[in-house]
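Subject: Structure handover

Hello,

Here is the structure for you to look at. My notes follow below it.

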Amino acid sequence: MGTSILAGRDWMALDNGMRLRLLSALEVLEARREAEELAQEERERPLCSNACLLSRALETQDGEAVFASGRQVLSGLRIEEIAALADTWSRFNQAENPSLTMDQEQAERLKKN
C-alpha cells in the first residue's frame, strides 16, 4: 500500500520488533469478510474481526506479514494479546487518519498531537 493522501504515517513500530500497518479500505473489507466466515456465533465476531484485521496489519520490521490469516492469529495469540494489539491499531489509525468531517485546521492540530 502506498502512502495515504490523508494519513501521516503508514506504520508504527511496536516494542517487540514488529510493526502495525495502516490498512486500505479493501483490506478492511476483506478482513470483515474473513471474520464472518470464522465466527460461528455472534459473540465470537469481535474477536474474529480483530484477529483478521491483525493478520493484515501486523508485520515484521521488513514488512512481511507475521500471520497469513485470522485463523493463524487466533491460533498463535492469546485473547488479551489480540485485544491489546487491535486497540493499539485502532488508536494509531484514528490518530493518523483524521476524519473527513474535520476542517483542515482541526486535522493539522490532531496530527501534531
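Arg-21 and Glu-27 form a salt bridge, with the closest N and O atoms 2.9 Å apart. (A salt bridge here is a side-chain nitrogen of Lys or Arg within 4 Å of a carboxyl oxygen of Asp or Glu.) Arg-21 is buried, at 14% relative accessible area. Glu-27 is buried too, at 16%. Buried means under 20% relative accessible area, exposed means over 50%, and partly exposed is in between (1.4 Å probe, protein chains only).

Before you read on, two points on the source. This is a predicted model, in which local features need pLDDT of at least 70 and side-chain atom pairs count only at pLDDT 80 or more, while totals for chains, interfaces and linings use all residues. Residues are numbered from 1 along each chain as its sequence is written, and side-chain values use heavy atoms, with hydrogens and water left out.

**Other salt bridges**

The structure holds eleven salt bridges. One of them pairs Glu-96 with Arg-9, at 3.2 Å between the closest N and O atoms. That pair links distant parts of the chain, 87 residues apart: Glu-96 is in helix H4 (residues 79-96), and Arg-9 is in the segment before strand S1 (11-13). Helices (H or I, at least four residues) and strands (E, at least two) are DSSP runs, numbered from the N terminus. Glu-96 is buried, with a relative accessible area of 12%. Arg-9 is partly exposed, at 42%.

Glu-41 and Arg-43 also meet through their side chains in a salt bridge, 2.7 Å from N to O. Glu-41 is partly exposed at 38%, and Arg-43 is exposed at 70%.

**Arg-19 and the rings**

Arg-19 lies over the face of Trp-11, 4.5 Å from the ring centre. The test asks for NZ of Lys or CZ of Arg within 6 Å of the ring centre and within 35 degrees of the ring normal.

**Nonpolar cores**

The largest nonpolar core has 17 residues, and Leu-20 and Val-73 have the most contacts inside it. Such a core is a set of buried Ala, Val, Leu, Ile, Met, Phe, Trp, Tyr and Cys residues joined through side-chain atoms within 4.5 Å. Helices H2 (45-57) and H4 each supply at least two residues of this core. A second, separate core has six residues, including Ala-31, Leu-38, Ala-39 and Cys-52.

What does Leu-20 touch, leaving aside its neighbours within four places in sequence? Its contacts (heavy atoms within 4.5 Å) include Trp-11, Met-12, Leu-54, Leu-85, Trp-89 and Phe-92.

Ser-55 lies in helix H2 and is buried, at 7% relative accessibility. With neighbours within four places in sequence set aside, Ser-55 is in contact with Glu-34, Ala-65, Phe-67, Ser-69, Gly-70 and Val-73.

**Cysteines**

Best wishes
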